[in-house]
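Here is a short tour of one protein model. Have the sequence and the 3D view open while you read.

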Amino acid sequence: MVSTRKVHEPDRPPFDVWLDSLSLSDTTKDKLKAVSHMPERLLIGQEMVEILHQLNMDDVTLQAALVYPYCEQHELSDEAVQSEFGHDISDLICGVRRMDAIKTLHTRRRGESALSVPDEQHIDSIRRMLLAMVEDVRAVVIKMAERICELQQVKKADEETRVMVARECATIYAPLANRLGIGQLKWELEDLAFRYLHPKTYKDIARQLDGKRKARADYISNVVTELQALVDNNHIKAEVYGRPKHIYSIWKKMQKKHLTFEQLFDIRAVRIIAERLQDCYAALGTVHAHYKHIPNEFDDYIATPKPNGYQSIHTVIIGPQGKPVEIQIRTQQMHQDAELGVAAHWKYKEGSTGKASGYDERINWLRRILQWQEEVAESGDLVEELRSQVFDDRVYVFTPKGDVVDLPLGATPLDFAYYIHSNVGHRCIGAKVNNRIVPFTYQLQSGDQVEIHTGKALNPSRDWMHPGLGYVHSSRARATIHSFFKKQDKEKNQQAGKELIERELSRAHLPAKVPPQACEKYNLQHVDDLYAAIGAGDLRVMTVVNHIQQLLEPESAPAQDDISPKVKKRRSAGAKGKQDTIVIEGVGHLMSQLANCCKPVPGDAILGYITQGRGVSVHKENCDQLQHLLEQHPERQIEVSWSSGLSVGFETAIDIYCTDRTGILRDITTVLANEGVALLGVNSLSDKSRQTALITVSVEVTNREVLAKVMSRLLQLKGVEDVKRKTH
């Protein structure tokens with residue numbers, strides 16, 4: 001059976017009837033009625049309430065969920081929300097709004113240079129989001145419920161919208177739900193997003209699950225009856241039932257283990273929910289005594305819980321007819337924690353005397369980031385650190401006492417030492433992994449036991465900060481080392497930074513004196529502070545040199561806000577004329593738009609795709625996104641062609657693979673200026689260890705021939721290895 005949530009139709013019953021169907025207390029009903037001034041406008045809020053009610057959330061959370069979509073639709077100010085709905089609901093809705101800052105993590109990850117430093121306003125929004133999550137985790141749960149409703153709402157939207165929403169949920173909110181241990185929302189976010197991102201694969205797996213549903217249901221029913229009788233006969237207090245299937249987890253396991261659908265063990269799965277901990281192991285012993293089990297498929301997450309707090313025993317037995325059956329054994333409390341995660345512990349705010357250690361463990365990583373934020377933000381890595389904590393893969397290692405520590409993939413013993421405490425990292429003189437001495441550059445693997453040897457003196461090395469040497473991987477460890485040298489050697493850093501930048505400015509044939517206005521971008525007051533930041537490693541010298549070059553030679557690399565009136569006029573003409581740039585075969589001029597995924601320009605072979613409500617989307621013929629759409633709906637293809645006599649500009653992007661040498665950006669912008677091509681934006685990514693760079697320039701060209709000529713000229717530059725038109 002596939003676990004899915006029913007998508008609610010617009011024709012809901014009256015508000016009072018709907019409210020009675022939730023089996024809420026009279027007090028809760030009265031509170032929800034109090035904030036439902038316009039029930040007909042609260043459809044999405046009602047769906048959110050249903051989701052949160054299943055998570056056993058409190059009255060204030062349900063009220064805030066009911067009101068939140070209404071507030072967003074009407075764009076009410078914080079003051080208006082507080083006046084209209086009250087202080088408690090207002091605070092919680094403000095927390096949900098702050099959660100939108102997490103989107104910028106994903107945006108910056110995909111769209112910005114690794115060298116770019118987040119501005120103070122951006123970092124401050126991230127801080128506020130973190131505070132909202134730690135101070136009241138209910139805001140996170142409401143936001144996830146809202147995302148599930150959004151996934152349901154876009155079911156009938158165009159493909160581009162569905163994919164955009166699904167990708168955001170799959171890459172941001174599902175990992176966050178996993179980190180917070182809310183399994184019920186995690187699986188739902190993943191399954192709904194997977195349905196839009198891989199519709200054909202989703203339908204294939206669902207079809208295979210449905211195709212043999214009756215036979216499998218009968219088989220599971222027999223296994224459940226047999227196991228229930230087995231535990232009852234052995235006087236074990238436990239309930240046995242079939243486990244719902246999650247299509248995304250099935251697909252993920254097929255990919256990871258290179259298995260076919262029929263080879264998977266957990267297509268047939270049951271759960272044993274025991275009353276006490278000892279009953280779990282008693283049930284395990286009884287099951288293994290009665291059935292043959294597969295040793296390699298046994299995991300005891302009760303003895304060794306997962307870092308997000310998940311506890312359960314997993315085993316696979318050979319059931320009737322020789323078919324493998326996965327069995328999960330856990331207590332009712334463990335089951336509740338696995339499904340609800342931190343949502344099960346919201347009562348800590350009300351002084352609950354219940355055990356809250358699981359809750360504390362789950363959001364401890366957020367508290368650590370708040371503790372580190374000052375030193376990490378100083379190096380511009382706060383966003384990167386939070387991103388690695390939420391989205392990146394993790395490794396799980398043990399302290400000598402057996403405590404679990406989770407670190408980003410690629411972490412080293414020094415990362416582990418700085419995770420324990422900054423002074424442990426500063427005094428680290430050696431490390432053992434699994435009782436074997438390893439170098440500081442050793443990359444930790446999940447399951448390693450790490451022991452750090454320390455000396456009496458604080459003695460970190462400047463080499464540890466160098467990304468290419470591999471001593472530390474986490475932004476937090478690197479920022480802590482930066483902070484140490486910054487405090488210890490400010491005068492030395494100033495002198496070292498001054499020598500570094502003067503040398504690089506000389507190589508770039510620029511004046512050796514740093515202009516005072518160069519400090520403004522980095523929120524520094526004096527040039528000496530800029531020298532110190534460079535010497536301490538907080539700022540990369542080439543980033544500062546490129547900034548100074550743009551200040552002194554603005555005509556060679558025009559900024560987005562400093563585009564000449566002539567270029568602005570061309571852009572305006574282009575924007576007005578693009579609605580007539582495409583001819584629809586057999587129809588003439590219809591509403592059309594150039595697809596952002598491939599950005600075609602005149603001269604490209606193009607095809608049209610009829611969208612729902614947005615006219616015709618025009619793609620390059622070889623666009624991967626177009627091929628994916630046509631696989632689903634081939635009947636929407638339509639022939640299109642370019643209008644004749646076009647003279648407007650079209651935006652496109654070029655990837656330039658080159659040596660990371662001084663002056664390369666100046667040379668690139670000079671070529672563009674000589675060819676009369678407008679530069680719309682620049683994004684660069686450097687690999688210091690290999691001395692290479694990928695520079696992406698967004699330009700405006702009139703046709704494919706102009707673009708080809710520009711790319712040919714760029715390829716002739718010194719140090720340029722390859723030039724490609726960017727594929728989005």
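Gln-321 sits in the loop between β4 and β5. (Helices and strands here are DSSP runs numbered from the N terminus: H or I of at least four residues for helices, E of at least two for strands.) This is a predicted model, where local features need pLDDT of at least 70, side-chain atom pairs count only at pLDDT 80 or more, and totals for chains, interfaces and linings use all residues. Residues are numbered from 1 along each chain as its sequence is written, and side-chain values use heavy atoms, leaving out hydrogens and water.

Most residues other than glycine have a negative phi. Gln-321 has a positive one, and so does Asn-434, which lies in the loop between β8 (428-433) and β9 (436-438). For exposure, buried means under 20% relative accessible area, exposed over 50%, and partly exposed in between, with a 1.4 Å probe and protein chains only.

| Residue | Phi | Relative accessible area |
|---|---|---|
| Gln-321 | near 65° | 66%, exposed |
| Asn-434 | near 55° | 43%, partly exposed |

Now for the sheet that β4 and β5 belong to. Its five strands run in the order β1-β2-β5-β4-β3, forming an open sheet with mixed pairing; two strands pair if DSSP finds at least two bridges between them. β1 (238-242) and β3 (299-300) are at the edges with a single partner strand each, so one side of each has no neighbour in the sheet. Further in, β2 (residues 269-274) and β5 (residues 324-331) run parallel and are joined by six bridges. Ile-272, for instance, has Ile-329 in β5 as its bridge partner.

Which helices lie across this sheet? Helix α15 (residues 277-290) lies across β2, β3, β4 (313-318) and β5, at about 160° to β5. Helix α16 (residues 332-340) lies across β1, β2 and β5, at about 105° to β5. Angles run from 0 to 180 degrees between N-to-C directions, and axes are lines fitted to C-alpha atoms, for helices over the stretch in contact; contact means heavy atoms within 4.5 Å.

Elsewhere, the axes of α2 (residues 26-34) and α4 (residues 59-74) come within 9 Å and cross at roughly 30°. That makes the helices α2 and α4 roughly parallel (angles under 35 degrees). Thr-27, Thr-28, Lys-31 and Leu-32 of α2 make the contact with Asp-59, Leu-62, Gln-63 and Leu-66 of α4.

Finally, is helix α20 (residues 413-420) largely enclosed or open? Seven of its eight residues are buried, so α20 is largely enclosed by the rest of the structure. Among those buried are Phe-416, Tyr-418 and Tyr-419.

Terms used. Angles under 35 degrees count as roughly parallel, over 145 as roughly antiparallel, 65 to 115 as roughly perpendicular and the rest as oblique.
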